[in-house]
Amino acid sequence: MGGVKDLPLGDRLDWTPVQAPRREALEGSHVRLRPVDAAADAEPLHAVSHLPDGDPGVWTYLPDGPYDSPEDLGRMLAWAESAEGYVYFTLERPADGRPLGLASYLRIEPAFGTIEIGHIWFGPSLQRTTAATEAIYLLARHAFDDLGYRRLEWKCNALNAASRRAAERFGFTFEGVFRQHQVVKGRNRDTAWYAITDGEWPPIRAGFEAWLDPGNFHPDGTQRRPLGELITRAAGR
């Protein structure tokens, strides 16, 4: 019988643990991600996420919300300012600093080089915009290129079709469903898992950058080529 030395053990890595992301701004052309400021952000973020004619579904698949008042939201944001294992960002318009949404890093594991993008919600003026796509690009680029992570994850309720479409559009690979993974707001949650690895990132980065290039947009602001096509082209497929 073979010994332990005969068992497959995976590739040996020259690996050094990375640093956790710091609470610092990520600057883009269309959007700026800065650390959450509960005192300044509670009222404007409540306003854009609780519009009378807005989409109530923005909170359906999140573990928190909706909030009865800016003060209630402010308490969550105050926690988010310094929550261990999380880095929350307010997404704002560079021209005037107006808060438009929220996103975070979570499940941060520097020892293994894995990190997740999550708790994402975009106000109506940010949804389906160039700025929204750039926000995801900035988070991914910072994780891989600046911090040296090996794996970027995206998880969502398996019933959340919009989030699953977004993950696929952004180049994440579907890895399966964790059944009965959580209980959220009194309901079962099966969780769909997606990820990008560092080896997959270069063509995905190239696709993002080609999509964000001003030349990819018609004068009316509509895209010339979709992101998925540009990622596929960059990957040589």
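Mentor: One definition to begin with: two strands pair if DSSP finds at least two bridges between them. Keep in mind as well that this is a predicted model.

Trainee: What makes E3 and E4 a pair, then?
Mentor: Strand E3 (residues 87-92) and E4 have 6 bridges between them, in the antiparallel sense. The cut-off is at least two bridges, so they count as paired.

Trainee: Why is strand E4 called largely enclosed?
Mentor: Buried means under 20% relative accessible area. In E4 (residues 99-109), 9 of the 11 residues are buried, so the rest of the structure largely encloses this strand.

Trainee: Why is Glu116 called buried?
Mentor: Its relative accessibility is 7%, and the cut-off is under 20%, so Glu116 counts as buried. Glu116 lies in strand E5. Leaving aside neighbours within four places in sequence, its contacts are Ser104, Tyr105, Leu106, Arg107, Glu153, Trp154 and Lys155.

Trainee: What makes the Glu116 and Lys155 side chains a polar contact?
Mentor: The value is 3.0 Å between these side chains. A polar contact needs N or O atoms within 3.5 Å, and this pair qualifies.

Trainee: Why is Leu62 called buried?
Mentor: Leu62 has a relative accessible area of 10%, which is under 20%, so it is buried. Leu62 sits in the loop between helix H1 (38-49) and helix H2 (70-82). Not counting residues up to four places away in sequence, Leu62 touches His119, Ile120, Trp121, Val184 and Lys185.

Trainee: What is the largest nonpolar core made of?
Mentor: This core has 45 residues, and Leu33, Leu91 and Tyr105 have the most contacts inside it. Its largest share, 10 residues, comes from H3. Leu33 is in contact with residues including Phe89, Leu91, Ala135 and Leu138, which lie beyond its neighbours within four places in sequence. Apart from this core lies another, of 16 residues, among them Val58, Trp59, Ala80 and Trp121.

Trainee: Why might nonpolar side chains gather like that?
Mentor: In soluble globular proteins, nonpolar side chains tend to be buried together.

Trainee: Which residues of H5 are buried, and what covers them?
Mentor: Trp201, Ile204, Gly207, Phe208, Trp211 and Leu212 are buried in H5. They cover an arc of only 125° around the axis, so they are on the same side of H5. Their cover includes helix H3 (130-146), helix H4 (161-169), strand E8 (187-197) and helix H6 (227-234).

Key: Residues are numbered from 1 along each chain as its sequence is written. This is a predicted model: local features need pLDDT of at least 70, side-chain atom pairs count only at pLDDT 80 or more; totals for chains, interfaces and linings use all residues. Side-chain values use heavy atoms; hydrogens and water are left out. Buried means under 20% relative accessible area, exposed over 50%, partly exposed in between (1.4 Å probe, protein chains only). Helices (H or I, at least four residues) and strands (E, at least two) are DSSP runs, numbered from the N terminus. The arc is that of the directions from the helix axis to the C-beta atoms. Contact means heavy atoms within 4.5 Å. A nonpolar core is a set of buried Ala, Val, Leu, Ile, Met, Phe, Trp, Tyr and Cys residues joined through side-chain atoms within 4.5 Å. A polar contact is a pair of N or O atoms within 3.5 Å; within protein, one must be able to donate a hydrogen and the other to accept it, and residues adjacent in sequence count only if both atoms are side-chain atoms.
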